[in-house]
Structure formats: C-alpha cells, structure tokens
Amino acid sequence: MPTILAVSGSPSPVSFTHQVLTLTAERLRERDHQVDTLAVRGLPAAPLLAGDTTDPQLAAAAARLAGADAVVLATPVYKAGCSGLLKAFLDVLPQYALAGKVVLPLATGGSPAHVLALDYGLRPVLMSMRPAAVAESFFVHADRSRQGSGGLDPETGARLDGVTGRFAALVDALAVRHPAPRQALAA
C-alpha cells in the first residue's frame, strides 16, 4: 500500500488550509492509503531558516518525506505565492527529494485571483525536484468553508473528492509500475 505524507505549510495552528488538508487526508484514508501528516510550523524555526539539515527534527521530517510514495502539499496563498514556511521546507530538502513521488498541490486563499499561484508559483519549484508526476492543483476559496462544521460546501467537497480520487489512482498506478526509491537526507 502506498504511503502519503500530507504536509501543511500553514503558519497557523488553526487554519482553513490545515482543514482542507485534513479533509484530503480523510478521503485518501477512505481509499485505503496510509497517510502521515506533517505540520511544518512544528519544526524549529532557526534550523529551518538556516537550512541546518543536521537538526534532528528537520532531519526526521525530511526522512518522513523520503519514505513516502506520494506527497500532498497544502499552503495558504500569500502575495500570489505559497507560504514562506512551505518554501523554506522545500528549500532544505535535497535537490531531487521528490524523485519518484506523486505530488498533489493544494492551496487556500481569500481571492479567486490567487488560483494561479499553484501552477505559476509552486509547480515550477516542484518540477525542479523531479517528481514522477504533479497531479492537478486544487485551490479552495475561503468562502467555500462551512463555518463551524469543519467542512466544505457541497460543490467544493465534490470537487475535492474528484481531485483526491484521481490523485489516489495516479499514486496507485505509479507505485505499481515504478516503486519510489527511498532517499536519505543529503546535507
């Protein structure tokens, strides 16, 4: 069974971004995938910003990513780009840390104008890390939240189901054809 690491790039412990990531992880678990979650905000800031890959927590996070077959990256959109927290995490990983992996980019934002931040800002960074595939991006406008229910409006929930299903099928197909090599953190 393929394993998936769901990475939250939100700096807030309670955020719409993390809520969308949690819903995505639940849908993947319903499809019998093993999902592990990593909140980048929980990593020590000084080593993360300094790129200190010898820090035990940072090395453990990189090892979790290396051990996954696929990765879901969730970020709020700030100034038409991914969060600095997510970008800092991607920057400390080895150059080809996504080799052999399938990646699902997710974003949340307060303006529909931010929808292109995934494909024009994040996708080139991901492609430079040589993933096996980057699945279709999924953007959720903040007004699609069902306030207080921890969910999404029905239309957005259905779209998330479709994106998650196609991602899971891609993960399964590529895991069978091309098992991902396990990588260690390279300094």
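Colleague: In helix H4 (residues 84-92), which residues are buried?

Modeller: Happy to start there. This is a predicted model, and a residue counts as buried when its relative accessible area is under 20%. In H4 that applies to Leu86, Ala88, Phe89, Leu90 and Val92.

Colleague: And what covers the buried residues of H4?

Modeller: Several elements do. Among them are the strands E1 (3-8), E2 (34-39) and E3 (70-76). The cover also includes the helices H2 (45-50), H3 (56-66) and H5 (117-128).

Colleague: How should I read a list of buried residues in a helix?

Modeller: Think about the turn. An α-helix has 3.6 residues a turn, so residues three or four places apart point the same way. Now try helix H1, residues 16-30. Its buried residues are Phe16, Thr17, Val20, Leu21, Leu23, Thr24, Ala25, Arg27 and Leu28. Look for that spacing as you go along the list.

Colleague: How many residues does H1 have, and what does it reach from its first C-alpha to its last?

Modeller: H1 has 15 residues and reaches 21 Å, close to the 21 Å expected at 1.5 Å a residue.

Colleague: Where is Arg130 found, and is Arg130 buried or exposed?

Modeller: Arg130 lies in the loop between H5 and strand E5 (133-134). Arg130 is exposed, its relative accessible area being 52%. Here too a residue other than glycine has a positive phi, near 55 degrees.

Colleague: Let's step back. How many helices and strands does the protein have?

Modeller: There are six helices and eight strands. Along the sequence they follow the pattern β-α-β-α-α-β-α-β-α-β-β-β-β-α. The radius of gyration is 15 Å, close to the 16 Å that the globule rule gives for 187 residues, so the protein is as compact as a globular protein of that length.

Colleague: What share of the contacts with a separation of 6 or more comes from residues 24 or more positions apart?

Modeller: Such residues account for 80% of those contacts.

Technical notes. Residues are numbered from 1 along each chain as its sequence is written. This is a predicted model: local features need pLDDT of at least 70, side-chain atom pairs count only at pLDDT 80 or more; totals for chains, interfaces and linings use all residues. Side-chain values use heavy atoms; hydrogens and water are left out. Helices (H or I, at least four residues) and strands (E, at least two) are DSSP runs, numbered from the N terminus. The radius of gyration is taken over C-alpha atoms; the globule rule is 2.2 Å times the number of residues to the power 0.38. Contact means heavy atoms within 4.5 Å. The expected span of a helix is 1.5 Å times one less than its number of residues. Buried means under 20% relative accessible area, exposed over 50%, partly exposed in between (1.4 Å probe, protein chains only).
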